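Welcome to a short tour of this structure. Please keep the sequence and the 3D view open as you read.

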Amino acid sequence: MNKAALSWLPEQKDWTQQFRAAKAGPAPLPEWVALANAPLDFIKTDMLNTAYRKAFPAPPPGLSAPPIRLAVLGSSTTKHLHPALRIAGLRRGFHVDIYEPDYGQYWFELMDPGSPLHEFAPTAVLFAFDARHMTRGLSPLADAAGAAAARDETIAHVQACWEKARAAFDATILQQTVLPAFPELVGQNEQILPGSPAASIAPLNAALRAAALQAGTHLVAIDSRAARDGIDAWYSDTFWHQAKQEIALSAAPVYGDLVMRLLAARFGRSAKCLVLDLDNTLWGGVVGDDGLDGLALGQGSAEGEAFAAFQAYAKDLAGRGVILAVCSKNDEANALAPFEQHPEMVLKRADIACFVANWDDKATNLRRIAESLNIGLDALVFVDDNPFERNLVREKLPMVAVPEVSDDPSTFARCLADAGYFEALALTDEDRARGAQYQANAARASMAGAANDIGDYLASLEMRLIWTRFDSVGLSRTVQLINKSNQFNLTTRRYDEADIKQMIANPDCLGLQLRLVDRFGDNGMIAVAIMVRQGDAAVIDTWLMSCRVLGRKVEEATLQILAEEAGRWGVATLRGAYLPTAKNGMVKEHYSKLGFAPVVTDEPGDWYELRLDSYRPPALPMVIEAVQPALA
Amino acid sequence: MTDETILADVTELLREVFDDPDLAVTPETSAKDVPGWDSMKQVMILLAVEEKFEIELSTREMDRLRNVGDLVAAIGSHAKAPS
């Protein structure tokens with residue numbers, strides 16, 4: 001039985017009908033995206049891919065991100081994975097173009113600047129090397145030193161591939177881990193034969209992980225996934241011999257999803273917030289009917305322990321940066337009671353950044369949650385045991401991810417993990433502190449309710465805006481902010497660590513990282529700006545800010561810093577552009593509000609200019625502090 | 001399970017794989033008769049057959065397939081009803 005399946009996606013009863021309708025067309029993009037959000041097998045994936053490509057030979061309007069140009073560089077057959085890669089992209093509103101060199105040609109195309117690969121100019125490169133290719137230097141008769149040398153040589157080759165791709169393309173680099181495809185030669189104690197191919201896979205993958213971490217390459221961990229699904233769901237010797245397909249066609253839909261969730265994370269499209277129903281999702285029973293004593297939660301029953309375990313999983317997600325919210329049909333007092341009084345609750349009220357319990361429909365409440373957290377609806381994952389509520393939300397808010405959980409709480413955590421909604425490529429100290437930050441936000445909001453005047457309130461926060469030029473200490477958070485900020489982002493230009501390092505070295509480029517501290521705590525790095533000197537103007541290449549500090553005059557203070565630094569360059573004007581996307585409408589008037597005048601240029605976007613001799617810094621409710629960068 | 005019922009099931013499966021509800025299939029039909037039946041589609045058909053009939057075709061059986069009739073015979077030799 002094939003267990004590599006998109007089990008978290010809901011079955012769509014009328015899928016075939018909807019597919020025929022879309023195929024007969026013309027159907028707009030959202031209908032195709034909806035068709036991709038079903039637990040498709042390899043046949044339906046192929047059908048949908050063929051029809052979608054026919055409908056949209058060129059990228060359609062309304063995409064949530066620029067088209068992805070994916071190069072698949074493999075050592076055996078990988079063409080059978082293309083439909084699944086495209087459809088997993090479509091599932092996320094991405095349009096994916098794929099290029100693959102002829103069989104066995106990846107290295108030559110990588111090395112040759114005149115090759116079709118270079119002409120294709122990929123924005124993502126996926127290295128998909130099969131187990132035989134990755135162990136080609138290994139002899140079963142090798143001693144321990146020989147086996148280690150073969151492994152080192154393989155890793156060095158892979159690293160050379162990454163470096164070559166990084167140097168040649170402005171691309172995200174992905175590497176597939178090695179599938180444990182080999183039968184044992186010895187048995188359970190395979191380690192007594194140092195050159196055993198079967199025994200070589202685990203250390204090879206460990207070495208790949210270390211190398212990837214160092215290089216900033218992102219791994220498509222098919223070894224982990226195959227360990228969960230069963231290796232037979234991912235690999236068959238029969239089809240290897242038949243078609244040199246190492247990854248089973250039946251596993252292709254999951255493979256595509258594993259790849260595309262990494263690219264989603266790369267483009268800031270991973271989910272940010274887990275929204276939880278309460279009754280029969282966080283505890284067994286209905287608190288309003290059964291009372292606190294009647295709930296199944298914690299020690300006492302297996303089901304109660306399963307609910308507590310799911311709460312613990314949610315709490316650990318929060319610990320690594322996922323925001324938690326509650327959306328429950330309940331009287332608020334009833335909904336809060338377990339959080340405040342039930343001794344077996346793992347989650348506390350303080351773990352929940354936004355708590356909504358009332359009798360409105362859940363779609364309305366999810367909108368409220370997204371608004372109050374200042375994140376998009378597509379950043380929400382909603383877990384509810386009730387199929388009715390799940391379907392209502394899917395129908396009214398198709399952009400909210402609603403996993404198809406079973407009615408057994410033991411399976412909730414696994415379902416969330418399988419779906420990969422919260423895929424991350426790097427974790428920062430800020431991620432780990434996010435829960436505390438949202439708690440502090442709640443405290444600030446309640447104080448705002450008490451203060452009569454917003455100016456008094458802001459002054460009472462005792463804010464300090466601390467800025468530093470880009471440096472090695474802040475590098476990973478800077479890159480993360482640049483790649484995940486969608487709403488308060490004037491130009492939505494994405495840069496990786498290598499780009500930032502170049503900017504640090506460039507005297508005509510000033511990158512600012514800004515941190516906001518107030519009496520409730522440290523908000524962490526909340527804004528990034530990049531300014532480039534061009535003639536007698538300083539051009540603002542990038543300006544973005546975390547939405548959780550909106551309305552606190554950080555924009556005005558940032559402008560003051562930019563104007564002062566531009567003044568140091570001796571330029572006459574500060575120029576900036578607004579490049580509209582589907583998500584950044586909130587900053588359309590950003591430059592006008594700050595006193596910039598619109599200017600006409602033939603460059604894309606709305607351009608604005610501020611003459612520095614006419615700029616007067618406003619009074620601000622915060623202290624601005626400059627800190628020397630720490631350059632390693 | 002007779003050859004006729006297997007052929008009917010295989011026909012249905014091929015129509016799905018080629019996304020063509022009107023595809024005409026006989027025991028003599030082979031890859032060259034159906035546009036788009038390439039090596040990639042061949043693997044897709046074999047895998048779909050294995051899943052539908054809950055059988056595993058051997059490498060030798062796969063190598064010997066020349067047309068739909070051969071496929072029907074190979075399925076029949078595993079003699080197990082579809083789910």
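Where chain A meets chain B, the contact draws 16 residues from chain A and 12 residues from chain B; two residues are in contact if their C-beta atoms, placed from the backbone, lie within 7 Å. This is a predicted model, in which local features need pLDDT of at least 70 and side-chain atom pairs count only at pLDDT 80 or more, while totals for chains, interfaces and linings use all residues. Residues are numbered from 1 along each chain as its sequence is written, and chains are lettered from A and ligands numbered from 1 in the order in which they are written.

On the side of chain A that touches chain B, the elements giving two or more residues are helix H3 (42–55) and helix H12 (237–243) of chain A. Helices (H or I, at least four residues) and strands (E, at least two) are DSSP runs, numbered from the N terminus. By class, this side of chain A holds six nonpolar, eight polar and two charged residues. Here Ala, Val, Leu, Ile, Met, Phe, Trp, Tyr, Cys and Pro count as nonpolar, Asp, Glu, Lys and Arg as charged, and the others, Gly among them, as polar.

The largest nonpolar core has 153 residues, and Leu126(A), Val259(A), Cys273(A), Val275(A), Ala325(A) and Leu380(A) touch the most other members. Helix H13 (residues 252–266) of chain A gives the most to this core, with 10 residues. Such a core is a set of buried Ala, Val, Leu, Ile, Met, Phe, Trp, Tyr and Cys residues joined through C-beta atoms within 7 Å. A residue is buried if 20 or more other C-beta atoms lie within 10 Å of its own, exposed if 12 or fewer, and partly exposed in between, with C-beta atoms placed from the backbone. Not counting residues up to four places away in sequence, Ala325(A) touches Cys273(A), Val275(A), Ile352(A), Ala353(A), Cys354(A) and Ile369(A). A second, separate core of 44 residues includes Val554(A), Leu559(A), Phe596(A) and Tyr608(A).

Next come the strands, which pair if DSSP finds at least two bridges between them. Strand S16 (residues 606–611) of chain A pairs with strand S14 (residues 573–578) of chain A in the antiparallel sense over six bridges. Strand S15 (residues 597–599) of chain A also runs antiparallel to S16(A), joined by three bridges. Trp607(A) in S16(A) is the bridge partner of Ala577(A), and Val599(A) stands opposite Trp607(A) as well. The hairpin of S15(A) and S16(A) has six residues between the strands, and Gly605(A) there takes a positive phi near 95°.

For a helix pair, look at helix H17 (residues 362–373) and helix H18 (residues 387–396) of chain A, whose axes come within 9 Å and cross at roughly 65°. Axes are lines fitted to C-alpha atoms, for helices over the stretch in contact, and angles run from 0 to 180 degrees between N-to-C directions. Lys362(A), Ala363(A) and Leu366(A) in H17(A) meet Glu389(A), Leu392(A), Val393(A) and Lys396(A) in H18(A). The residues of this contact divide into four nonpolar, no polar and three charged.

| Residue or bond | Angle | Loop |
|---|---|---|
| Gly25(A) to Pro26(A), cis | omega near -5° | Pro26(A): between H1 and H2 of chain A |

Asn280(A) counts as partly exposed because 18 C-beta neighbours lie inside 10 Å. Asp19(B) is partly exposed, with 18 other C-beta atoms within 10 Å.
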